[in-house]
Amino acid sequence: MPSAAPGAALIRFEAAAKTYADGTVAVGGLDLEVREHELLTLVGPSGSGKSTLLRMVNRLVEPTAGRVVLDGQDVMSQDPVLLRRGIGYVIQNVGLFPHRTVAQNIATVPGLLGWDRRRTQDRVRELLRLVGLDPAVHGPRYPHELSGGQRQRVGVARALAANPRVMLMDEPFGAVDPEGRRALQTEFRRIHDELGTTVLLVTHDIDEAVLLGDRVAVFSQGGRLEQVDTPVRVLTRPATAFVEQFIGGARAVRLLSLATLAPADLAPRPTASATPAPGGALRVGDTLERCFAALAASPDGVVPVESAAGEPLGTLTLAGLHAALRRSAQADAGDVATPRAG
């Protein structure tokens with residue numbers, strides 16, 4: 001099913017705090033809402049409380065003050081075992097059961113919920129296809145027979161097995177090589193767009209955060225929320241000095257993967273000298289990252305752009321790319337969302 005647009009808050013952190021026995025403040029009085037159907041990325045350096053915050057939702061960590069409310073109910077009022085069965089959970093090293101097959105791993109929660117064999121088998125096959133694995137080939141295999149990227153895909157499938165409304169992901173792609181990581185990021189974004197599951201994803205990588213998130217929450221030490229906003233606005237309008245420093249100086253480069261080409265960015269129709277883009281013609285809606293690569297490969301700095309039907313629309317030049325970047329940076333004009341942290 002196609003994902004629904006982000007809606008009302010499904011998860012609320014209400015002055016939620018976690019202080020450990022030695023006095024360390026992991027999360028300090030946080031107020032934050034997570035909207036139904038959205039993918040919210042939590043990003044920040046080590047020690048900023050991201051993972052602690054995530055684990056408060058499924059009670060692997062319990063708050064010392066405040067509340068975490070899931071679908072209108074305080075999680076502390078719910079049986080932790082039943083709570084966790086209704087929440088998908090994916091960690092960096094997957095945690096697949098080594099002596100169970102891929103199919104048996106994915107079937108774990110449906111089995112605990114008492115699903116019959118036919119329903120479980122159908123769900124396993126459906127999910128393996130969803131994450132890009134062949135049920136007949138990969139279902140009978142054991143985790144040690146899979147690549148790291150394949151194991152992560154199985155971990156995602158297992159977390160989705162019982163149709164959870166919420167999925168928690170803690171550095172899910174961190175153990176995968178860079179090329180495989182980017183492929184998994186793209187694949188997971190597609191899966192989210194298809195299913196519409198509400199996702200909280202922890203990462204220390206700002207590039208991953210802005211690539212995947214509908215919104216990005218930036219944290220500093222002690223679980224302090226510095227800013228929560230759309231990826232473009234976090235990059236172009238950092239709310240605090242910490243956010244600006246954490247993002248670094250490559251904001252324009254990061255925008256290339258988020259922004260897309262529009263008709264207004266084009267010069268007049270293609271000329272004979274225009275060089276086609278590597279991998280096929282550029283089209284309106286392509287990312288500016290792809291546009292930049294095409295311009296970099298063009299000997300004359302002019303690349304033709306076509307419609308979806310293959311009709312010439314115009315050309316892209318460096319000036320047009322600059323205009324597209326400016327337009328994207330200005331698209332979310334208005335006040336930056338103010339974080340609510342205690």
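What does T101 touch, not counting residues up to four places away in sequence?

Analyst: T101 touches G139, P140, R141 and Y142 once residues up to four places away in sequence are set aside, where a contact means heavy atoms within 4.5 Å. Before going further: this is a predicted model, so local features need pLDDT of at least 70 and side-chain atom pairs count only at pLDDT 80 or more, while totals for chains, interfaces and linings use all residues. Residues are numbered from 1 along each chain as its sequence is written, and side-chain values use heavy atoms, with hydrogens and water left out.

T101 lies in the loop between β6 and α3. Helices here are DSSP runs of H or I with at least four residues, strands are runs of E with at least two, and both are numbered from the N terminus. T101 counts as buried because its relative accessibility is 11%; buried means under 20% relative accessible area, exposed over 50% and partly exposed in between, with a 1.4 Å probe and protein chains only.

Ten of the 13 residues in α7 are buried, including G149, Q152, R153, V154 and R158. Its geometry checks out too: at 1.5 Å a residue, helix α7 (residues 148–160) should span 18 Å, and its end C-alpha atoms are 19 Å apart, which agrees. That expected span is 1.5 Å times one less than the number of residues.

Next along this packing is α8. With 18 residues, α8 reaches 26 Å from first C-alpha to last, close to the 26 Å expected. Its buried residues are R181, L184, Q185, E187, F188, R189, I191 and H192. What covers them includes α7, plus β3 (39–43), α5, β7, β8 (198–203) and α9 (206–212). After α8 comes G196, with a positive phi near 75°.

Two other residues are handy for comparison. K50 sits in helix α1 (residues 50–57) and is buried, with a relative accessible area of 8%. The C-alpha atoms of K50 and V202 are separated by 6.2 Å, although the two are 152 residues apart along the chain. Leaving aside neighbours within four places in sequence, K50 is in contact with L42, V43, G44, P45, V202, T203 and H204. A262, in the loop between α12 (251–256) and β11 (282–283), is buried at 17%. A262 and R224 are 38 residues apart in sequence and 37 Å apart in space, C-alpha to C-alpha.

Among contacts with a separation of 6 or more, 68% come from residues 24 or more positions apart. The C-alpha trace spans about 70 × 50 × 30 Å along its principal axes. A compact globule of 342 residues would have a radius of gyration near 20 Å, and the 22 Å found here agrees; that radius is taken over C-alpha atoms, and the globule rule is 2.2 Å times the number of residues to the power 0.38.
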